[in-house]
Amino acid sequence: MKVMSVFGTRPEAVKMCPLVRELEACTEIESVVCLTGQHREMLWQVVDLFGIEVKYNLDVMLPRQTLTTITTRVLSKIETVLQSEKPDIVLVHGDTTTSFVAALAAFYQQIPVGHVEAGLRTYDRYSPFPEEMNRCLTGRIAALHFAPTENNRINLERENISKGVFVTGNTVIDAFKTTVKEKYNYKDSILQKIDFTGKRCILMTAHRRENLGAPLISIFKAVKRIVETFSDIEVIYPVHMNPAIHDTAEKILGNSEHIYLIPPLDVADMHNLISRSSLVLTDSGGLQEEAPACGIPVLVLRTETERPEAVTAGTVRIAGVEEERIYQETVRLLTDTEDYNRMAKAINPYGDGHASERIVQHILEWKRSIV
């Protein structure tokens, strides 16, 4: 059985590489990997870390690329790959433009699609943008749906998608078995100098399109107030390469000696940083799953989340994008030990680190059922 995995961004790679390794270990499967190159350097860092063999790289990334250029370049370039390989199934992940377009291209070739991390929804087509619509459209195309949680399965059922749906856990938890080490030497020179035992560290990420402008300014002002309030707090912020984010961060946060603005981290540095942090502030989706795997509370810098099971479980709390609310929610966790421990010790709803194994078994069973 030939299984082609298609991904093109760093977040996809973090979650797909553990699955690819499981596919490669299965004697009944021929695994083929196709990268779209929607990201470039950040993507290859992850692939190299997991030791994944890549057969195809579409290398679609362009300077100042738009959603339209990504869409058209992936769609045109992947067609010949699919026609040449003729896989039994194409696996895509989550909510990226790569995932939707690869699924569409496979549909055009009448090749079944398996959707890893299926069923996440905010029910607002423009938030997050374009991710919400990407995952909805991918879900309409897919034949197999690997839902991380029961809540994700229920979302699909509401959309009359019940056949070929499996609750597997999230493959990002599997990735931590490869990336997090008890004794780890950071590659980033700034992280090498930080005292993780004498200070409390807050990891922050902020990069969402919908947070650009006033929301991002409010987030940064709240963070600056936090380090001015607590002398034992240091904030580490891997800054997205988008100039609109980088320039705003430098303007508001650049002069604080307790805030470290650093370049984007590779996955090993990031996962080990998560595990050594006291708290995570983020508008990312993946960190809402990753940090609870290490027992780290998460405040979400958004007004909603497509991962409500984390809120229900108590590992994640919505802090919004208003300065005062972010500040107060953060202060509460930094000063209320009981509240902090409730979040830190809550059970992670995203699984036990065996999602990839379950997905491979479901793929094999599906293939046997149609032969």
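How many bridges join E1 to strand E4 (residues 89–93)? Three bridges join E1 to E4, and the two strands run parallel. The tour returns to that pair below.

This is a predicted model, in which local features need pLDDT of at least 70 and side-chain atom pairs count only at pLDDT 80 or more, while totals for chains, interfaces and linings use all residues. Residues are numbered from 1 along each chain as its sequence is written, and side-chain values use heavy atoms, with hydrogens and water left out. Helices (DSSP H or I, at least four residues) and strands (DSSP E, at least two) are numbered from the N terminus.

**Stop 1: strand E1**

Select residues 2–7. Six of the six residues of E1 are buried, so the strand is largely enclosed by the rest of the structure. Buried means under 20% relative accessible area, exposed means over 50%, and partly exposed is in between (1.4 Å probe, protein chains only). Lys2, Met4 and Val6 point one way from E1, whereas Val3, Ser5 and Phe7 point the other way.

E1 and E2 pair in the parallel sense over six bridges; two strands count as paired if DSSP finds at least two bridges between them. Ser5 has Val33 as its bridge partner in E2. For the pairing with E4, go to Met4, whose bridge partner there is Val90.

E1, H1 and E2 make a right-handed β-α-β unit. Right-handed means that, with the strands pointing away from the viewer, the path from the first strand over the helix to the second runs clockwise.

**Stop 2: the six-strand sheet**

Select E8 to E13. The six strands form an open sheet in the order E10-E9-E8-E11-E12-E13, with parallel pairing. E10 and E13 (316–318) stand at the edges with a single partner strand each, so one side of each has no neighbour in the sheet. Neighbouring strands are turned by 20° against each other on average, direction ignored. Axes here are lines fitted to C-alpha atoms, for helices over the stretch in contact, and angles run from 0 to 180 degrees between N-to-C directions.

Ile202 has Leu279 as its bridge partner in E11. Helix H12 (residues 286–293) packs on the sheet, touching E8, E11, E12 (298–300) and E13, and its direction makes about 165° with that of E12.

**Stop 3: helix H10**

Select E9 (residues 233–238) and E10 (residues 259–262), which pair over four bridges. Pro238 has Ile262 as its bridge partner in E10. Between these strands the chain crosses through H10 (residues 243–253), and this crossover is right-handed.

Which residues of H10 are buried? They are Ile245, Ala249, Ile252 and Leu253. Seen down the axis of H10, its buried residues fall within an arc of 80° (taken from the directions from the helix axis to the C-beta atoms), so they line one face of the helix. They pack against E8 (200–205), helix H9 (214–229), E9 and E10. On the other side of H10, Asp247 and Lys251 are exposed.

**Stop 4: Thr168**

Select Thr168, in the loop between strand E7 (165–167) and helix H7 (171–179). Is Thr168 buried or exposed? Thr168 is buried, with a relative accessible area of 3%. Leaving aside neighbours within four places in sequence, Thr168 is in contact (heavy atoms within 4.5 Å) with residues including Phe146, Pro148, Arg358 and His362.
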